[in-house]
Amino acid sequence: MNPSFFLSRTALSEIRLFRSADGILHFEREGKSFARVTLARCFPYTKPGKFISVRSADGSEIAMIQDVNFLAEESLQAVREELDRNYMIPVIKQILSVRKRGSEWHLQVDTNYGPAALDLENLHENIQPVTDSRWLVTDREGRRFELSDPGQMDARSCEFWKRLS
C-alpha cells in the first residue's frame with residue numbers, strides 16, 4: 001500500500017487505529033491491517049494534532065493523518081495515547097533557581113512530572129519560541145520541556161524568566 005494522504009473527513013472515517021488486548025497499536029484501512037504501527041509527529045510542532053505519520057513495523061510510512069480531530073473517537077483516543085507516550089514533554093510550572101557558570105546555564109525547575117535539573121549550553125539555541133507565549137526548552141541531554149505563558153507563574157519564576165529571555 002502506498003502512503004495515503006487523508007485530506008477529507010470521509011477518508012479519515014474509513015480508517016481505524018486501536019490497541020489490541022495485548023497493547024499493540026494497529027491500523028486498518030480498506031480491509032488491510034497493520035500491527036505494531038508507530039506514530040510520528042511531522043512539522044510544524046505548533047500543530048501537535050496535525051500531520052501525523054503512521055508507520056509500519058518496518059518503519060515505512062503507510063499513511064499521513066492531516067488532522068486527528070476528524071478521526072472516530074476510538075481512533076482519536078488511541079492516537080492521543082500513543083502520541084502522549086512517545087512525545088512526553090514535561091511542562092515547566094515553576095523556575096526554582098537559575099545559575100550561570102561560564103557560558104552554561106543551570107536551572108532547577110518544577111514540572112507537571114516533578115522536579116528537574118536542566119543544563120543549557122546556549123540560551124539562544126536551547127530556548128526556542130513556539131508561539132508568542134510558549135517556548136520549547138532543550139537541555140544538554142536533548143530532553144525537551146515546554147514553558148507556557150511565564151507571566152502566569154509565581155513572581156520569583158517570572159524574575160528568573162526575565163534573566164533568561
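Phe51 belongs to strand E6 (residues 50–55); helices (H or I, at least four residues) and strands (E, at least two) are DSSP runs, numbered from the N terminus. Although Phe51 is not a glycine, its phi is positive, at about 60°. With a relative accessibility of 29%, Phe51 counts as partly exposed, on a scale where buried means under 20% relative accessible area, exposed over 50%, and partly exposed in between (1.4 Å probe, protein chains only). The model described here is predicted, so local features need pLDDT of at least 70 and side-chain atom pairs count only at pLDDT 80 or more, while totals for chains, interfaces and linings use all residues. Residues are numbered from 1 along each chain as its sequence is written, and side-chain values use heavy atoms, with hydrogens and water left out.

A positive phi is also found at Glu30, a residue other than glycine, where the angle is near 50°. Glu30 sits in the loop that lies between strand E3 (25–29) and strand E4 (32–35). Its relative accessibility is 56%, and Glu30 therefore counts as exposed.

Turning to the sheet, 3 strands are arranged in the order E11-E12-E13, forming an open sheet with antiparallel pairing. Strand E11 (127–131) and strand E13 (144–148) are the edge strands, each pairing on one side only. From one strand to the next, the twist averages 30°, with axes taken as lines fitted to C-alpha atoms (for helices over the stretch in contact) and angles running from 0 to 180 degrees between N-to-C directions. Two strands are said to pair if DSSP finds at least two bridges between them. E11 and strand E12 (residues 134–138) run antiparallel and are joined by 4 bridges. Across this pairing, Ile127 stands opposite Val137 in E12.

Helix H4 (residues 155–164) comes next. Its buried residues are Ser157, Cys158, Phe160, Trp161 and Leu164. Viewed down the axis of H4, these residues fall within an arc of 160°, so they line one face of the helix; the arc is that of the directions from the helix axis to the C-beta atoms. An α-helix has 3.6 residues a turn, so residues three or four places apart point the same way. On the other side of H4, the exposed residues are Ala155, Arg156 and Lys162.

What do the buried residues of H4 pack against? Their partners are strand E8 (92–101), strand E9 (104–111), helix H3 (123–126), and E11, E12 and E13, where contact means heavy atoms within 4.5 Å. At the start of H4, the backbone nitrogen of Arg156 has a side-chain oxygen of Asp154 within 3.2 Å.

How values were computed. A polar contact is a pair of N or O atoms within 3.5 Å; within protein, one must be able to donate a hydrogen and the other to accept it, and residues adjacent in sequence count only if both atoms are side-chain atoms.
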